[in-house]
Amino acid sequence: MSNKIIHWFKYGSPQSFYPLAGKMIPWFWALAAIFGVAGLWIGFFVAPTDATQGDAYRIIFIHVPASWMSMFLYIVMACWAGIGLSLNTRLSSMMASAIAPTGAMFAFLSLWTGALWGKPMWGTWWVWDARLTSELILLFLYLGFMALQAAIDEPRRADKAGAILALVGVVNVPIIYFSVKWWNTLHQGASISMSKAPTMAVTMLWGMLIMALAFWMYSIAVALQRARAIMLERERHTDWVKYAVE
Amino acid sequence: MQWNSIGEFFAMGGYGLYVWGSFGVTALALLIEPLLLRKRQSDVATSLRRERNADERQK
Amino acid sequence: MKRAAAPNPSGALAELGTLGVLLAVSRRDLLLALRRKSEVMTVLFFFVIVVSLFPLGIGPEMALLRIIAPGVLWVAALLAAMLSLNRLFAADYADGTLEQMVLSPAPLGLLVIGKILAHWLVTGLPLVLIAPLLGLQYDLDGRALGVLMLSLLIGTPLLSLIGAIGAALTLGVRGGGVLLSLLTLPLYIPALIFGAGAVEADISGLGATGHLSLLAALLALACFFAPWATTAGLRIALE
């Protein structure tokens, strides 16, 4: 096992990473399941019913972790894309492409659960508050990345173009968030805000953290799985791929 | 544990539609994504196998 | 159709200096644009038409129009700017001039800035000049019109700079125009918020200085980073 540390860079090639990823995936699924069950337990059976929001606030155990993941995954995706661009490594770019759809899915879930939380609480299916609006824009950034990569046929060009877009995006996300927050406070005052969640009981915080961990483990498992599919698709001309499938 | 019955659990104090709409769609998404991936993986595998068999037949 | 020659690569930097090269590139693009006036005018007409569409869709009540004016005018400017972005690199890409530019010893960033400058003069500046007329359709008063012009004056170069990144990344890619919109519009949102916000702030009496300063700050940032990202995108497109 100590070989893995010494020959770290060996795993920079798709050929060696493919079997390693295959071995890691079940472990991450297991962790996701464990954290998921624990988080749901806390969310449904430990956290008490809220005085003002009733039981609808339990959506927070999905909404907030999903938001966190969508933002975290974008940064991770941009990092991998940047590494792929600067070091010219194919595998890093494949990781970035593998992460994008999952990140977009979490952004969508954040918006969906946000809408379902908003309707009983504030009467409308959509609230133009700073966080939800920024989340919507983040979804657009994900979709743009995926669309650009899908539109470019030549894989290395798609990798590099996507990397530039992701890096430009990652720089823009704080700017966008700040400007949307500014826009929101000027127009709406303090009336409607998703961050007016019930004051955080410790149990609720733990629930959200554990659900976030569950989503994180899930994301890693799915991203590794997708990366494997991408490797097979893109390296199909090589020998190792032909014999990697039984 | 504050649920006195399964019925209460599903009703979620009247907010059942919203709570289960959220958790349900999330569960669905977390199920569909890996399934779609598995299909993608098996599609690639099938076509690779076909290629390999074609190569071997040629030899 | 005669195309103006690309700036002479080797001697240019020594002969003209940095500013000279930039102006030479801009001048060439301006000449080319003037030979195709229709392309320029269509963008302007698009702006005018879109601005006129909103009252047709919403109703002629002046009180309402006054409220939506800053947003509508700015969104229309965004869309018009975006439509014109395809022209930025496409023609040069098609006839090989762009490749020459990438290979020339003059820094590509400089050449890109020259092209963006010409692009703005031809598509952005007309929007700034015609906006007050359109603002009158929405019953904006004199000072608001002034703020509108100023916000567009600062904002349209920003839109050209950010848009250039998208144009470089989608060069020669199928589905180019719509894809370009999908990539660029989210990046335009801060400019929209501060630009339209400046006019609104002026109307409501709060003063537009805050918004305009932030907009100017974004422009300064974009002047720095957009040429870098654009040249990286161009090199990738031409590999």
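Residues are numbered from 1 along each chain as its sequence is written, while chains are lettered from A and ligands numbered from 1 in the order in which they are written. In this predicted model, local features need pLDDT of at least 70 and side-chain atom pairs count only at pLDDT 80 or more, whereas totals for chains, interfaces and linings use all residues.

User: Why is chain B called more spread out than a compact globule?

Analyst: Chain B comes to two helices and zero strands, where helices (H or I, at least four residues) and strands (E, at least two) are DSSP runs numbered from the N terminus. Its radius of gyration, taken over C-alpha atoms, is 23 Å, well over the 10 Å that the globule rule gives for 59 residues, so chain B is more spread out than a compact globule. The rule is 2.2 Å times the number of residues to the power 0.38. The C-alpha atoms of chain B fill a box of roughly 70 × 20 × 15 Å along the principal axes.

User: What makes residues of chain B and chain A count as in contact?

Analyst: Their C-beta atoms, placed from the backbone, must lie within 7 Å. By that test, 26 residues of chain B are in contact with 30 residues of chain A.

User: Which element gives the most to the side of chain A that touches chain C?

Analyst: The contact takes 23 residues from chain A and 20 residues from chain C. On the chain A side, α6(A) gives the most, with 14 residues.

Definitions and conventions
Two residues are in contact if their C-beta atoms, placed from the backbone, lie within 7 Å.
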